[in-house]
Amino acid sequence: MTIRVLIADDQELVRTGFKMILDAQPDMEVVAAVADGAEAVAQARRLRPDVCLLDIRMPKLDGLEVTRALAGPGVENPMRIVIVTTFDLDEYVYGALRAGATGFLLKDSGPVLLIEAIRAAVTGDALVSPSVTVRLLQHLARPRGTAAMPDVPLTERELDVVRLVARGRTNQEVAAELFVSLSTVKTHLGSIQAKLGVRNRGEIAAWAWESGVVS
């Protein structure tokens with residue numbers, strides 16, 4: 001299977017660099033590389049790539065608006081979105097997760113993480129790197145002080161899964177840490193998404209940090 005990727009970034013050097021990295025992979029093909037958000041939406045809807053790799057700050061539509069258009073609430077057949085951001089400048093990633101992005105990484109993360117993030121998005125096991133998750137979501141989440149745990153119908157084991165997901169663990173890592181099977185983890189994730197009304201791991205992580213389940 002060839003993973004078809006759309007790249008959207010307003011910097012030509014970034015687009016060129018990402019394209020070279022991805023096209024060098026035997027299982028990846030860059031089907032479009034565009035410079036603004038409006039073109040990203042148009043080409044994504046036309047080409048239906050497996051993964052859209054989006055910058056946050058772009059002309060016409062930013063990455064958050066593009067994410068909402070392609071994967072937001074109410075979108076039929078939402079696409080898989082990976083946000084690429086610069087931590088010190090882009091404080092929109094939290095909103096992008098809530099809008100439907102499946103993962104994110106920093107622009108200086110390097111080619112290995114870039115490739116892993118795309119492959120993870122395809123399998124539904126989104127890469128939310130622990131180093132990025134903790135720094136970014138702690139930075140963006142509202143302070144909650146000593147607020148009580150939110151009243152949600154999650155079991156203790158489901159809360160354990162939520163906390164690990166919020167810290168960037170993959171399904172395999174969650175299974176290993178909780179001493180359960182991979183299929184059990186996937187069952188828990190399906191139940192958690194249904195109970196919280198969220199659609200992916202990114203939204204689970206955002207909910208966990210926002211609600212104070214993880215601190």
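Reply: A contact means that heavy atoms lie within 4.5 Å. The model is predicted: local features need pLDDT of at least 70 and side-chain atom pairs count only at pLDDT 80 or more, whereas totals for chains, interfaces and linings use all residues. Residues are numbered from 1 along each chain as its sequence is written, and side-chain values use heavy atoms, with hydrogens and water left out.

Me: Which residues does Met58 touch, not counting residues up to four places away in sequence?

Reply: By that criterion, Met58 touches Ala8, Asp9, Asp10, Asp36, Gly37, Gly63 and Val66. Met58 itself is placed in the loop between E3 and H3; helices (H or I, at least four residues) and strands (E, at least two) are DSSP runs, numbered from the N terminus.

Me: Why is Met58 called buried?

Reply: Buried means under 20% relative accessible area, exposed over 50%, and partly exposed in between (1.4 Å probe, protein chains only). The relative accessible area of Met58 is 10%, and Met58 is therefore buried.

Me: How do you know whether Asp55 is buried or exposed?

Reply: Asp55 has a relative accessible area of 3%, and it is therefore buried. Asp55 belongs to strand E3 (residues 51-55). Leaving aside neighbours within four places in sequence, it is in contact with Ala8, Asp9, Asp10, Gly63, Val84 and Lys107. An unreviewed UniProt entry annotates Asp55 as "modified residue: 4-aspartylphosphate"; UniProt positions follow the numbering used here, feature names are shortened, and annotations may be inferred rather than shown by experiment.

Me: What makes E3 and E4 a pair?

Reply: Two strands pair if DSSP finds at least two bridges between them. E3 and E4 have 4 bridges and pair in the parallel sense. Asp55 has Val84 of E4 as its bridge partner. Strand E4 (residues 81-85) is also joined to E5 by 4 bridges, and these two run parallel. In that pairing, Ile83 stands opposite Phe104 of E5.

Me: Why is E4 called largely enclosed by the rest of the structure?

Reply: The term applies because 5 of the 5 residues of E4 are buried. Ile81, Ile83 and Thr85 point one way from the strand, and Val82 and Val84 point the other way. In strand E5 (residues 103-106), Gly103 and Leu105 point one way and Phe104 and Leu106 the other, all of them buried.

Me: Which residues of helix H3 are buried?

Reply: In H3 (residues 63-71), the buried residues are Gly63, Leu64, Val66, Thr67, Leu70 and Ala71. They cover an arc of only 160 degrees around the axis, and therefore lie on the same side of H3; the arc is that of the directions from the helix axis to the C-beta atoms. An α-helix has 3.6 residues a turn, so residues three or four places apart point the same way.

Me: What is found at the start of H3?

Reply: A polar contact is a pair of N or O atoms within 3.5 Å; within protein, one must be able to donate a hydrogen and the other to accept it, and residues adjacent in sequence count only if both atoms are side-chain atoms. A side-chain oxygen of Asp62 reaches to within 3.0 Å of the backbone nitrogen of Leu64, so this pair meets the limit.

Me: Why is Glu158 called buried?

Reply: Glu158 has 5% relative accessibility and therefore counts as buried. Glu158 has its place in helix H7 (residues 156-166). A polar atom of its side chain lies 3.0 Å from the backbone nitrogen of Thr155. Beyond neighbours within four places in sequence, Glu158 is in contact with Pro153, His188, Ser191, Ile192 and Lys195.
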